[in-house]
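Student: I'd like to learn how to read features off a structure. Can we go through one together?

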Amino acid sequence: MRGQTRQTLRESDHKPDREQEHKPDHKPGRRPGTRRRALSAVAAMAIGVMTLGALTPPASAASAATSASAGRDAVRQSLNALVRDDGMPAALASVKGRDGRTRTYTAGVGDLSTSSKVPVGGQVRIGSNTKAFTAVVVLQLVGEGKIALGADVDTYLPGLVRGKGIDGRRITVRQLLQQTSGLPNYTNYLGDDVRYYTPRELLATALRHPADFAPGKKWAYSNTNYIVAGLIVQKVTGRPLAEEMDRRIIKRVGLRHTYFPAPGDARIREPHPHGYYRESADGPLRDITEIDPSWGWAAGQLISTDSDLNRFFGALLAGRLLPPAQLAQMRSTVPAEATFGPGARYGLGLVSRPLPCGGLSWGHGGSFPGYETRSGATDDGRAASVAVTMQLTDEASRHNLERAVDTALCR
């Protein structure tokens, strides 16, 4: 999955990028997806975080117009560069300003087999952005007195989390959400079997391996933490995690194009760019748009759009999803520079990063076979998300994706 440019993505073959300015409630139309054979290999889920920012308002109306135009041109150029230089089949972006307007952008080709355009506001698999949704549900239950962050896992799942150096009586809910539990990462051990997985199968995969460290002693990113968190939600509420996310978050803040795929549903429901996978640096791109996403579950199964992600993170920071006490807990962070870069810190399913234009971004990011996203928001109301249609595996391409988001927000 290296970011090399395929012959069918020569610059002369690029479809022109499109920009659309609309009100926040803009809804793209629907169309059925085309079924594709899923790739018979599962790539370990990676995560990323975007950077966001706010600049001082221009001094005059004329300078404001000039600045806005230059900013939009810079966003278009960034997306074009992701396609041209990093070999992404397509790139999509949504940027929300303080005025409440959302501008969406596309570049590249939505389907390499037909050379179709990238759908504006298209759905993508958002990978580990799902963790922020899971954490919000847990924290809502904390606010309702049904879960305690300091309680151990055995309080809710007695005897379930056991292994070599692993004991659910020594791991707290907070440590799950903050990635300090020491639980091994199950996605490192899934192998090539693409099929439906139950959450307990995913957990069992992890528990066959020893703990990475004693609870609370280090920070290390592990998708297993969020599988356990999702199981706690289901045990406490008596309902599926997908239903709780839909009721507590998706419907509550009007995420019209976000959903948790049902068991066995490998499709993407609404207009979407196709997702691609490359097995080797010089290998062909293969269409893996349709793939069973159950191996991501509470750690990475959601499908959404850039604009919906902006709405979610904006609503979260504005206090529309959590009481002040729980939002403050979510924003209580520990160093996470090894994974997210200089100055990055991890809260409870939420990442903060310093911005090149000053201040902090709050968000997450996600990687899933076929797609990569960076998402987040600032306290002053700005939000941005960028997605590409190939999972990134090298640091240079990840940096370029993050820089594209910097460009979108620091303008």
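Student: Is Arg248 buried or exposed?

Tutor: First, a word of caution: this is a predicted model. The general idea is to look at relative accessibility, where anything under 20% is called buried. Arg248 comes out at 7%, so it counts as buried.

Student: Which residue does Arg248 form a salt bridge with?

Tutor: For a salt bridge, look for a side-chain nitrogen of Lys or Arg within 4 Å of a carboxyl oxygen of Asp or Glu. Here the partner is Glu144, with the closest N and O atoms 2.8 Å apart. Arg248 sits in helix 6, while Glu144 is in the loop between helix 2 and strand 5, so the pair ties together parts that are 104 residues apart in sequence. Glu144 has 41% relative accessibility, so it counts as partly exposed.

Student: How many salt bridges are there by this rule?

Tutor: The count comes to 20. Another one is Glu279 with Arg286, whose closest N and O atoms are 2.4 Å apart. Glu279, at 54%, counts as exposed, and Arg286, at 26%, as partly exposed. Salt bridges can also share partners: Glu144, Lys146, Arg239, Glu244, Arg247 and Arg248 are joined into one network that way.

Student: Now helices. What should I look at in helix 8?

Tutor: Start with the pattern: an α-helix has 3.6 residues a turn, so residues three or four places apart point the same way. Then try the length. With 12 residues at 1.5 Å a residue, helix 8 should span 16 Å, and its end C-alpha atoms are 17 Å apart, which agrees. Next, check burial: 9 of the 12 residues are buried, so helix 8 is largely enclosed by the rest of the structure. Among the buried ones are Leu309, Phe312, Phe313 and Leu316. Just after helix 8, Gly319 takes a positive phi of about 85 degrees.

Student: And strands? Which ones pair with strand 13?

Tutor: In a regular strand the side chains alternate between the two faces of the sheet. For pairing, follow the bridges. Strand 12 pairs with strand 13 in the antiparallel sense over 4 bridges, with Val351 facing Gly363 as bridge partner. Strand 14 also pairs with strand 13 in the antiparallel sense, over 7 bridges; there, His364 has Ser375 as its bridge partner.

Student: What sits in the turns of those hairpins?

Tutor: Between strands 12 and 13 there are 5 residues, and Gly358 in the turn has a positive phi of about 100 degrees. The hairpin of strands 13 and 14 has 2 residues between the strands, and Gly370 takes a positive phi near 105 degrees. As for strand 13 itself, 8 of its 9 residues are buried, so it is largely enclosed by the rest of the structure.

Notes. Residues numbered from 1 in each chain as written. Predicted model: local features only at pLDDT ≥ 70, side-chain atom pairs only at ≥ 80, totals over all residues. Heavy atoms only, no water. Expected span 1.5 Å × (residues − 1). Buried < 20%, exposed > 50% of the residue type's maximum accessible area, 1.4 Å probe, protein only. Pairing = 2+ DSSP bridges.
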